[in-house]
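Take a look at the fold below. The text then walks through its helices, its cores and one loop.

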Amino acid sequence: VTLSLQAIVSVTYLLMNNILFDFGGETSVTSYAIVSRMLMFALFPIFGITQGFVPIAGYNYGAQNYDRVKHTIRIAIVYSMTMASVVFVMLIGFPELITRMFTTDPLVIEKTPTAMRWVFAATPIIAVQLIGSAYFQAVGKAVPALLLTLSRQGFFFIPLIFILPLWYGELGVWMAFPVSDVLSTLLTASILYREVSTKLISKP
């Protein structure tokens, strides 16, 4: 799963640079470099919670303590969404100030805040997608774990960065971020809900 995700991330980065260069030149590519760094920073706390969630969920699933598994899922999602929301407020509220920490180029400072607001528009709900895919990894269900892990960037984001710019130009590239976040979260939430409601039933 990790190797597949790393490959998708590398391909996505190259595609984004090429597409943004075609639509906005070097300024847009620089904006993406700044935004991608902030995106990694924003997701670090959620990744930390995810890493702690996996062994706890896996141990209790193996012990057939399904009530505790469900409780762990809820706690992990709540804490992840809370931390993501804090980062969301900072990035949405002060994008120009954050951009100035990376560059003094006036064109980049002018363009990056709009990109940053679009990219992080759905940040709080990403927690559901990450925790949901981590759950299937924790319980040893490799196929749904792989599909859900790759869904955000592989199934939704890459097609969207080709489709949306046809109508919205460079803005369409930035719009692909929240749209793919929403779609992958809805997919993960539906599969996770079905799993929890049908499989995680404690024996009397």
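At what angle do the axes of helix α4 (residues 106-119) and helix α8 (residues 170-198) cross? They cross at roughly 25° and come within 8 Å. Axes here are lines fitted to C-alpha atoms, for helices over the stretch in contact, and angles run from 0 to 180 degrees between N-to-C directions. Angles under 35 degrees count as roughly parallel, over 145 as roughly antiparallel, 65 to 115 as roughly perpendicular and the rest as oblique. So α4 is roughly parallel to α8. From α4, the contact (heavy atoms within 4.5 Å) uses K111, A115, W118 and V119. From α8 come E170, L171, W174, M175, F177, P178 and D181. By class, that contact has eight nonpolar, three charged and no polar residues. Ala, Val, Leu, Ile, Met, Phe, Trp, Tyr, Cys and Pro count as nonpolar, Asp, Glu, Lys and Arg as charged, and the others, Gly among them, as polar.

A word on the source. This is a predicted model: local features need pLDDT of at least 70, side-chain atom pairs count only at pLDDT 80 or more, and totals for chains, interfaces and linings use all residues. Residues are numbered from 1 along each chain as its sequence is written, and side-chain values use heavy atoms, with hydrogens and water left out.

Leaving aside neighbours within four places in sequence, V119 is in contact with V35, L39, W174, F177 and D181. V119, W174 and F177 are also among the residues with the most contacts inside the largest nonpolar core, which has 31 residues. A nonpolar core is a set of buried Ala, Val, Leu, Ile, Met, Phe, Trp, Tyr and Cys residues joined through side-chain atoms within 4.5 Å. Buried means under 20% relative accessible area, exposed over 50%, partly exposed in between (1.4 Å probe, protein chains only). α1 (2-62) gives the most to this core, with eleven residues. A second, separate core of 20 residues includes Y66, A76, V128 and A145.

Now α5. Helix α5 (residues 126-138) has 13 residues. Helices are DSSP runs (H or I, at least four residues), numbered from the N terminus. Twelve of the 13 residues of α5 are buried, so α5 is largely enclosed by the rest of the structure. Among them are Q129, S133 and Y135. G140 follows α5, and its phi is positive, near 80°.

Last, the loop between α1 and α2, where Q64 sits. Q64 is not glycine, yet its phi is positive, near 60°. Q64 is partly exposed, with a relative accessible area of 45%.

Technical notes. Helices (H or I, at least four residues) and strands (E, at least two) are DSSP runs, numbered from the N terminus. The expected span of a helix is 1.5 Å times one less than its number of residues.
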